[in-house]
Amino acid sequence: MNRTDLTAALFAGVVPPDGEEPLAEAAGAALARAGYALRHGGYNGLMEAAARGAARHGGPVTAVTLADRPDWGALNPHVTTTVYAPTMGARLHAYLDNADLVVAMGGGVGTLHELTAALYYATTIRSLPVRLLGPTACRLSTFLRAEGWLTESPTRPLSFLHELPDAEALEADLKALAAGRCAS
């Protein structure tokens, strides 16, 4: 499918957790096949792997980065469009304001910042599906729930948040999301 009227924000690290790079590439491919344009930081590691998977299936890849940060390095070769945000807040809005889906994988403190912004956004601004993909992100979810950082309440339901252990679970979830859009 080359239709890309949907946008997925991918939050993932530059230094890939052990064994998660193939999962990121499979995620990018699955998102492109499901009609999602990919937005990510634009750099290497899991971001580049996901971009490679998306590009292999004709999906556009947008890098969303901060302006005036040449020290962050070159963008990966799969980026087709770049958004240079003036501030970190503007960068987060460039990811989240028009996203139809957020997928988060393992990463560092920057990825954690993006994920927590997405979680807050999905509970207070507008409904936004957030998917935690892979073993590292699923362990983080378990920790956040166990320690009370992620708690469900009548005013803060967590039905938008799903933990997906692998690419097969992501594929099934993307089909369910598509079926839900068709039923609406």
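The legends below describe close-up views of aromatic pairs and salt bridges in a predicted model. Residues are numbered from 1 along each chain as its sequence is written, and side-chain values use heavy atoms, with hydrogens and water left out. Because this is a predicted model, local features need pLDDT of at least 70 and side-chain atom pairs count only at pLDDT 80 or more, while totals for chains, interfaces and linings use all residues.

**View 1. The aromatic pair of Phe11 and Tyr95.** Rings of Phe, Tyr and Trp (its six-membered ring) pair if their centres lie within 6.5 Å, planes under 30 degrees apart counting as stacked, over 60 as edge-to-face and the rest as tilted; by this rule the count comes to two aromatic pairs. Phe11 and Tyr95 are edge-to-face, at 4.8 Å centre to centre with 85° between the planes. The pair links distant parts of the chain, with Phe11 in strand 1 (residues 6-11) and Tyr95 in helix 3 (residues 88-96), 84 residues apart; helices (H or I, at least four residues) and strands (E, at least two) are DSSP runs, numbered from the N terminus. Phe11 is buried at 0% relative accessibility, and Tyr95 is buried at 1%, where buried means under 20% relative accessible area, exposed over 50% and partly exposed in between (1.4 Å probe, protein chains only).

**View 2. The aromatic pair of Tyr43 and Trp72.** These rings are edge-to-face, 6.0 Å centre to centre and with 80° between the planes. Tyr43 lies in the loop between strand 2 (36-40) and helix 2 (46-56), and Trp72 in the loop between strand 3 (61-66) and strand 4 (81-85), so the pair ties together parts that are 29 residues apart in sequence. Tyr43 counts as buried at 8% relative accessibility, whereas Trp72 is partly exposed at 30%.

**View 3. The salt bridge of Glu114 and Arg91.** A salt bridge is a side-chain nitrogen of Lys or Arg within 4 Å of a carboxyl oxygen of Asp or Glu, and a search of the whole structure finds eight. In this one the closest N and O atoms are 3.0 Å apart, and the pair links Glu114 in helix 4 (residues 109-124) with Arg91 in helix 3, 23 residues apart. Glu114 is buried, with a relative accessible area of 6%, and Arg91 is buried at 7%.

**View 4. The salt bridge of Glu163 and Arg145.** Here the closest N and O atoms are 3.1 Å apart, and the pair links Glu163 in strand 7 (residues 161-164) with Arg145 in helix 5 (residues 135-146). Glu163 is partly exposed at 31%, as is Arg145 at 34%.
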